[in-house]
Amino acid sequence: MNTRRLAPVALAAAVLLGVTGCAMISPQATTIPYSPADGVNVPASGPLKVRNALFVADESGENANFLAAIVNDTDSAETLLVGVNGANKSVRVPAHSSVSLGFDDAEPLLFEGLDTPAGADVVVTFQSGDGEGVQQSVPVLDGTLDYLADFVPKS
């Protein structure tokens with residue numbers, strides 16, 4: 001008589017374990033880091049943090065403006081070096097502040113001869129402070145989206 005009462009409970013427990021077991025071995029999407037924007041976040045390249053890095057190219061893909069937010073949490077001013085295809089540009093960021101290239105009176109960095117069409121990625125080297133520098137694939141966009149139209153380089 002006791003086994004008749006336990007059978008439905010055992011069956012329910014087996015079904016419950018079988019159904020929830022899939023979630024135990026599957027990766028949770030909310031634990032996978034990603035850049036929730038058009039650009040990419042750059043892994044640590046020294047004391048400066050680079051967020052939402054992207055290029056906005058002209059129609060030919062020959063020239064592009066580099067946009068990004070650069071954050072300096074240190075007690076001293078730091079310089080970020082941005083290298084693309086042998087061309088290097090630098091941005092000075094005061095202590096405990098940020099610079100948003102293309103916004104708040106900070107001009108974007110113009111890279112001529114990029115020769116990368118919209119929709120592709122370009123490998124960029126980022127370095128600041130005593131950091132070794134890192135390479136990151138950065139997306140190239142165009143002015144199709146209204147909020148990027150003003151950043152297309154003028155010929």
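**Fold and core**

Modeller: The secondary structure of the chain comes to two helices and nine strands, where helices (H or I, at least four residues) and strands (E, at least two) are DSSP runs numbered from the N terminus. This is a predicted model, so local features need pLDDT of at least 70 and side-chain atom pairs count only at pLDDT 80 or more, while totals for chains, interfaces and linings use all residues. Residues are numbered from 1 along each chain as its sequence is written, and side-chain values use heavy atoms, with hydrogens and water left out.

Biologist: In what order do the elements run from the N terminus on?

Modeller: They go α-β-β-β-β-β-β-β-β-β-α.

Biologist: What share of the residues counts as buried?

Modeller: Of the 155 residues, 32% count as buried. Buried means under 20% relative accessible area, exposed means over 50%, and partly exposed is in between (1.4 Å probe, protein chains only).

Biologist: And the accessible surface, what does that come to?

Modeller: About 9,700 Å², of which 56% belongs to carbon and sulfur atoms. Areas come from the Shrake-Rupley method with a 1.4 Å probe, and for residues only the protein chains shown count as cover.

Biologist: How much of the contacts comes from residues 24 or more positions apart?

Modeller: Such residues account for 55% of the contacts in the chain with a separation of 6 or more. Contact here means heavy atoms within 4.5 Å.

Biologist: Switching to rings. How many aromatic pairs are found in the whole structure?

Modeller: The search finds four. Rings of Phe, Tyr and Trp (its six-membered ring) pair if their centres lie within 6.5 Å; planes under 30 degrees apart count as stacked, over 60 as edge-to-face and the rest as tilted. One of the pairs is phenylalanine 55 with phenylalanine 66, tilted, at 5.2 Å centre to centre and 55° between the planes. That pair links distant parts of the chain, with phenylalanine 55 in strand β2 (residues 48–57) and phenylalanine 66 in strand β3 (residues 63–72), eleven residues apart.

Biologist: Is phenylalanine 66 buried or exposed?

Modeller: Phenylalanine 66 counts as buried because its relative accessibility is 0%. Phenylalanine 55 is buried too, with a relative accessible area of 0%.

Biologist: Which other ring does phenylalanine 66 pair with?

Modeller: Phenylalanine 126, again tilted, with 6.0 Å between centres and 45° between the planes. Here phenylalanine 66 in β3 is linked to phenylalanine 126 in strand β8 (residues 121–128), 60 residues apart. Phenylalanine 126 is buried, also with a relative accessible area of 0%. Ring pairs link Phe55, Phe66, Phe111 and Phe126 into a cluster.

Biologist: What lies over the face of phenylalanine 111?

Modeller: Lysine 89, at 5.4 Å from the ring centre. The criterion is NZ of Lys or CZ of Arg within 6 Å of the ring centre and within 35 degrees of the ring normal.

Biologist: What is the phi of histidine 96 near?

Modeller: Near 50°, and positive in a residue other than glycine. Histidine 96 sits in the loop between β5 and β6 (97–101) and is exposed, with a relative accessible area of 53%.

Biologist: And glycine 46, where does that lie?

Modeller: In the loop between β1 (40–42) and β2. Glycine 46 is partly exposed, at 30% relative accessible area. Not counting residues up to four places away in sequence, glycine 46 touches Ser128 and Gly131. From glycine 46 to glutamine 127 is 6.2 Å, C-alpha to C-alpha, though they are 81 residues apart in sequence.
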